[in-house]
Amino acid sequence: MTDSSNPTHTQIDAFDLLGVGFGPANIAIAAAISDKWSLNELKQNLRVIFVDKNTVFQWHPGMLIPGAKMQISCLKDLATLRNPCSYFTFLNYLHSQNRLSAFINRSTTVPSRREFADYLGWAAREAEKRGVDVAYGEEVVSISKIRVEERDLIEVTSRRSPSDEVVVRRTKDIILSTGPSPRLPRVLAVLQPPQWTTQSTLSVPVFHTSYYMISIGSLLDKLTQSGTPLKVAMVGGGQSCAECLIDLYNRLEGSSHGGHQIDMIIRKDSLKPSDDTPFVNEIFDPAATDEWYNLPTDRLRAQVLYEYKNTNYSVVNPKTIDNLYELIYEQKLSDAIASRKGENVSKTRVNLRINETVVGANLIAREKDASLPHRVTLIRQNARTHQLIEDTYDIVICGTGYERKTWIRLLRESNLAKDFGLASATDDTRVRLVPAHYDVQFETGKPFDNVKEGAELVQEPDNDRHLNTESGTSSSSSTPPSSPSISLPPRSLPQTIQLRISRAYKLLPAPSALDTGNRVYLQGCEEATHGLSDTLLSVASIRSGEVLDDLLNAN
Ligand code: NAP
């Protein structure tokens, strides 16, 4: 129904369940619903819709690097661990595509990222065919609770792209699965326009690895025209940076001229391998979620997180490390042979800049051709010698990780904030999810700040800024520092608010709040309470069943 007084405003009737985002977590929920429909375990008239800002289904398109492999078995798909007989298993996808035998012949259960993305798209389409509604091309901009004809509902407002039409829907329950946002070091984030686009990269060539495949082709086309060798900085020492570096090396080697340089800037002393050995991998088993959730103290949580951090963060798959090492070794060999013959090596040079942090950055316009992207001067500081090094690059690519905070903004700006104890939260507030058995002091109007342990468990605004979601300004300086001891501007200790979450991923109301009966579930941001697997695919299938059972049991 369109509001006649405002043609750009469309009001759509109420739903039982609305999911914000249609990535793996919510597709897994859609699959679980569809499975229940086909088994007649759920009434067919349950009105469910998922709203996603992408105009078509896509999964990390910027990281679909040719040849990149998944880092987990295809059995950790959207359904197998919940129900191996589900229609939505990866094996059924393969069967439906007539590739099951060929996949088996590969003798590995690890698919390519391209194939897994195709599987997710297949599952999304199959769920739609089975009655799940999906509104693509709509970004959810706000949520609020309203009372309509004696019913409490959640009103969800989204903006349709590219028409800017505002769409309002009402739902009884909501699942927030807003996914990760790219995180850039503060000194580099301030160089960026608030909204990343391919076009903006052609002016300011500083971007996150999550945009790599979307940006790199056109940027290299533009920059290699002149025939001048390029200098590229890659910031970060995780899997994303390593994969992009190898791809970039191959692209530059294939370009018409040589002499290019890639500097990989890492804060550590060396690239560290990820651990996916079998005993360690048990931390991603569904059973580990219970153990993690039931841990009694922050200290224990922080200890377990620290012990297993190298399964996932700031680490590189050993095979990728070997490939990268081989590439640099070949470089040494070429140098030795060329020097013996008195020749110049024109191959692309890869340098590992270890123990270095980017502490300053500046954009420089090109005098000769203003239509070309700016150049970027970086000031790097060595952590051991404190020496400052200034270098100018044509492209800066940040593989500096992700954060998951969009759900906080949606709740904080909503009248639901009070129900969960978020009413006094600001942009700077640190929000911690804690399990239901924690004794939580809810806000009383005074800032709550009793968190002394487990700082890593807090979703806090740090020195980095994420793009495309919140336009908050940063106070960092982008001017090169002149003194050897570099420090970013001091910041006051932010307020911390604790939010309790149930084992079934449901936010629990603050004790003083009236429970309206509308349920808010979170997906993919409960690492602190539910374990390291929460942001990954490992438990997506099991979790979807747990959320759905919780929803249905209370109805
Ligand atoms: P990540 O593992 O979080 O690594 C981020 C890197 O950025 C770290 O080396 C970190 O350095 C560095 N960093 C963070 N902030 C920085 C700053 N302000 N200045 C300088 N360096 C900074 O991120 P990721 O590599 O994007 O990986 C994220 C997840 O995606 C992982 O689970 C990974 O396995 C997954 N992934 C999977 C694939 C695949 O399936 N093929 C491909 C890519 C990524 P420190 O170590 O010093 O903190």
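The paragraphs below go through some backbone features of this predicted model and then one of its sheets. Residues are numbered from 1 along each chain as its sequence is written, local features are given only where pLDDT is at least 70, side-chain atom pairs count only at pLDDT 80 or more, totals for chains, interfaces and linings use all residues, and side-chain values rest on heavy atoms, without hydrogens and water.

Most residues other than glycine have a negative phi, and most peptide bonds are trans. Against that background, the bond that joins Ser 161 and Pro 162 is a cis peptide bond, with omega of about 5°. Pro 162 belongs to the loop between β5 (151-160) and β6 (166-176), where strands (E, at least two residues) and helices (H or I, at least four) are DSSP runs numbered from the N terminus.

Glu 150, in the loop between β4 (138-148) and β5, has a positive phi near 65°, and Glu 150 counts as exposed because its relative accessibility is 71%. Ser 314, which is not a glycine either, has a positive phi of about 55° and sits in the loop between α11 (298-308) and α12 (318-341). With a relative accessible area of 40%, Ser 314 is partly exposed; exposed means over 50%, buried under 20%, and partly exposed in between, for a 1.4 Å probe and protein chains only.

Turning to the sheet, three strands form an open sheet in the order β12-β13-β14, with antiparallel pairing, two strands being paired if DSSP finds at least two bridges between them. β12 (356-364) and β14 (388-393) stand at the edges with a single partner strand each, so one side of each has no neighbour in the sheet. β12 and β13 (residues 375-382) pair over eight bridges, and Gly 360 has Ile 379 in β13 as its bridge partner.
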